[in-house]
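Thanks for passing this one along.

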Amino acid sequence: MRHGKKFNHLGRTASHRKAMLSNMATSLIKHKRITTTLAKAKALRKYVEPLITKSKSDTTHSRRTVFSYLQDKEAVTILFREISEKVATRPGGYTRIIKMENRFGDNAEMAFIELVDYNEVYKKDGAGTEHKSTRRRGRKKAGAGKEAAATEVVADSNTAEEEVVAAAAETVETESPETPEEPVADVSEAAEDATETEETPKEDKKED
């Protein structure tokens, strides 16, 4: 019975599968990128990443352990000399799988698997960035981003309203007519003339 055996057998016997994964891991270490089916790429990622982690400690025991899986002296030398220096600050996730178009003959799902640190396309200015040795545990609240966006929208609307009010005040100030000063003077002069005309008849009556 196969209770608890969740790995992909890839339609092969145990010896055939181990030999195939060993050859694929050796090719990946030497060439840094290989093209294969999606199922094989996923199986290879589980096979080769523990070996890359093992290469971080350059000891005789680690080299012999990795050699028992790869069975290739050149691949072991490249892994412990070059690749281990590249992945020294990376806490796992040494490979990347990118899907491709299906194979023409049998329509199989194809993909290529590559070492992350050897791809210059995804790096900024062709230089690798330092990676943190810790992983994130908590998750951000789902509504935090929405609340921040809502506050930004309210702030923008408030500033727009303030600009409209200021523009309206400026237009009112420019359009308001200035109060003429000459008509006021004319009214005062007319009032003085009226008082003089009213006072003259009284004086005439007294003389009579």
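1. **Overall layout.** Please keep in mind that this is a predicted model. The chain holds 6 helices and 3 strands, and reading from the N terminus the order is α-β-α-α-α-β-β-α-α. Of its 208 residues, 24% are buried. If you take the contacts between residues at least 6 apart in sequence, 57% of them link residues at least 24 apart.

2. **The largest pocket.** The volume of the largest pocket is about 380 Å³, and 14 residues line it. Those nearest its centre are Phe7, Asn8, Leu21, Ala43 and Lys46. By type, the lining splits into 9 nonpolar, 1 polar and 4 charged residues.

3. **Which helices line the pocket?** Helix H1 (14-31) and helix H2 (38-54) each bring at least two residues to the lining of the largest pocket. The biggest contribution comes from H2, with 7 residues. Ala43 belongs to the group nearest the pocket centre and is also listed among the buried residues of H2.

4. **Geometry of H2.** H2 is made of 17 residues and spans 25 Å between its first and last C-alpha, close to the 24 Å expected at 1.5 Å a residue. Even so, the helix has a kink of about 25°, and the kink is centred on Arg45.

5. The buried residues of H2 are Leu38, Ala41, Ala43, Leu44, Tyr47, Val48, Glu49, Leu51 and Ile52. An α-helix has 3.6 residues a turn, so residues three or four places apart point the same way. That is a handy guide when you trace this list on screen. A charged residue, Glu49, is in the buried set too. The cover over these residues includes H1, strand E1 (33-37), helix H3 (60-70), helix H4 (73-86), strand E2 (95-99) and strand E3 (110-115).

6. Ile97 sits in strand E2. Setting aside neighbours within four places in sequence, Ile97 contacts Leu38, Ala41, Lys42, Arg45, Ala111, Phe112 and Ile113. The C-alpha atoms of Ile97 and Leu38 are 8.2 Å apart, although 59 residues separate the two along the chain.

7. **Helix H4.** H4 has 14 residues, and the distance from its first C-alpha to its last is 20 Å, close to the expected 20 Å at 1.5 Å a residue. The helix bends by about 35° at Leu79. Leu79 is itself buried, as are Ala75, Val76, Ile78, Phe80, Ile83 and Ser84. Among the elements covering the buried residues of H4 are H1, H2, H3 and E3.

8. **His9, ahead of H1.** His9 is found in the segment before H1. Is His9 buried, partly exposed or exposed? With a relative accessible area of 31%, His9 counts as partly exposed, because that value falls between the 20% and 50% cut-offs. Beyond residues up to four places away in sequence, His9 touches Arg2 and Arg17. The C-alpha of His9 lies 9.0 Å from that of Ala43, and the two are 34 residues apart along the chain.

9. **Two positive phi angles.** Most residues other than glycine have a negative phi, and most peptide bonds are trans. Leu10 has a positive phi, near 60°, and Asn107 likewise has a positive phi of about 60°. Leu10 is in the segment before H1, whereas Asn107 is in the loop between E2 and E3.

Terms used: Residues numbered from 1 in each chain as written. Predicted model: local features only at pLDDT ≥ 70, side-chain atom pairs only at ≥ 80, totals over all residues. Heavy atoms only, no water. 1 Å grid on protein atoms, 1.4 Å probe; cavity = no way out; pocket = protein on both sides within 12 Å on 5 of 7 lines; lining within 4 Å. Points joined across faces, edges and corners; volume = space filled by probe spheres on them. Helix = DSSP H or I, 4+ residues; strand = E, 2+ residues; numbered from the N terminus. Buried < 20%, exposed > 50% of the residue type's maximum accessible area, 1.4 Å probe, protein only. Contact = heavy atoms within 4.5 Å. Expected span 1.5 Å × (residues − 1). Bend = angle between axes of the 7 residues up to and from the residue.
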